[in-house]
Amino acid sequence: MSVTEQMAPGKPVSASQVEMVQVVLPSDTNPLGNVFGGTVMGWIDLCAAVAAQRHCRQIVVTASMDALSFLAPIRLGYTVILRAQVNRAFHTSLEVGVQVEAENPLTGELEHCCSAFLTFVAIDAAGHPIAVPPVIAQTSQEHERYEEAGLRREDRLKWRHRKKQASQG
Ligand SMILES: CC(C)(COP(=O)(O)OP(=O)(O)OC[C@H]1O[C@@H](n2cnc3c(N)ncnc32)[C@H](O)[C@@H]1OP(=O)(O)O)[C@@H](O)C(=O)NCCC(=O)NCCS
């Protein structure tokens with residue numbers, strides 16, 4: 001069956017939304033008492049994967065994570081809140097956006113720590129990419145994210161093309 005023939009009806013962004021909470025434990029921190037960047041990246045990947053799976057109800061794998069900047073350190077004992085949603089689906093891939101905030105448990109103060117964009121690909125049992133349902137953007141913010149996801153995809157595909165060419169010598 002072709003990708004077009006497999007196409008399922010669209011789903012609203014709200015169907016994929018995820019909120020995940022982590023408490024920063026001593027094992028998550030460096031000697032300064034700040035969480036390891038790699039630990040946050042792992043949480044982002046997990047949160048995004050759940051959003052991708054909620055959208056397509058298929059097995060998904062992480063194809064890429066865009067450049068990630070940590071804007072503020074997250075301290076031991078803080079509550080980390082990750083929110084994810086599917087911004088746009090393409091053919092077999094989809095973009096998930098994740099926003100990460102740190103909450104001071106004593107004051108309730110929130111600080112934006114980083115945002116990330118990940119691409120997931122839905123695969124069948126043999127590991128071959130398969131079609132994903134389109135995303136239905138409803139709010140103005142969802143429409144904005146939808147349009148921006150298209151621009152980011154163009155950059156990713158260009159980068160991928162350049163990498164392939166470079167590896168072929
Ligand atoms: C992701 C994977 C399934 C893509 O397989 P592939 O044979 O390269 O498939 P295709 O070239 O047909 O690409 C499939 C889709 O993925 C997208 N894609 C592939 N690599 C990508 C990347 N690095 N960034 C963004 N999108 C990517 C393609 O644009 C295409 O999207 P579309 O169908 O929506 O247009 C394959 O590379 C893979 O299994 N990678 C390992 C995934 C993994 O193990 N992740 C966990 C981290 S260890």
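Author: Two residues count as in contact if their C-beta atoms, placed from the backbone, lie within 7 Å. Helices (H or I, at least four residues) and strands (E, at least two) are DSSP runs, numbered from the N terminus. Axes are lines fitted to C-alpha atoms, for helices over the stretch in contact, and angles run from 0 to 180 degrees between N-to-C directions.

The model is predicted: local features need pLDDT of at least 70 and side-chain atom pairs count only at pLDDT 80 or more, while totals for chains, interfaces and linings use all residues. Residue numbers start from 1 along each chain as its sequence is written.

The sheet is open and has five strands in the order S2-S4-S5-S6-S3, with antiparallel pairing; two strands pair if DSSP finds at least two bridges between them. Strand S2 (18-23) and S3 are the edge strands, each pairing on one side only. From one strand to the next the twist averages 30°. Eleven bridges join strand S5 (residues 93-103) to S6 in the antiparallel sense, and Glu95 has Thr119 in S6 as its bridge partner.

Helix H2 (residues 37-56) lies across S2, S3, strand S4 (79-89), S5 and S6, at about 40° to S4. H3 lies across S3, S4, S5 and S6 and runs at about 80° to S4.
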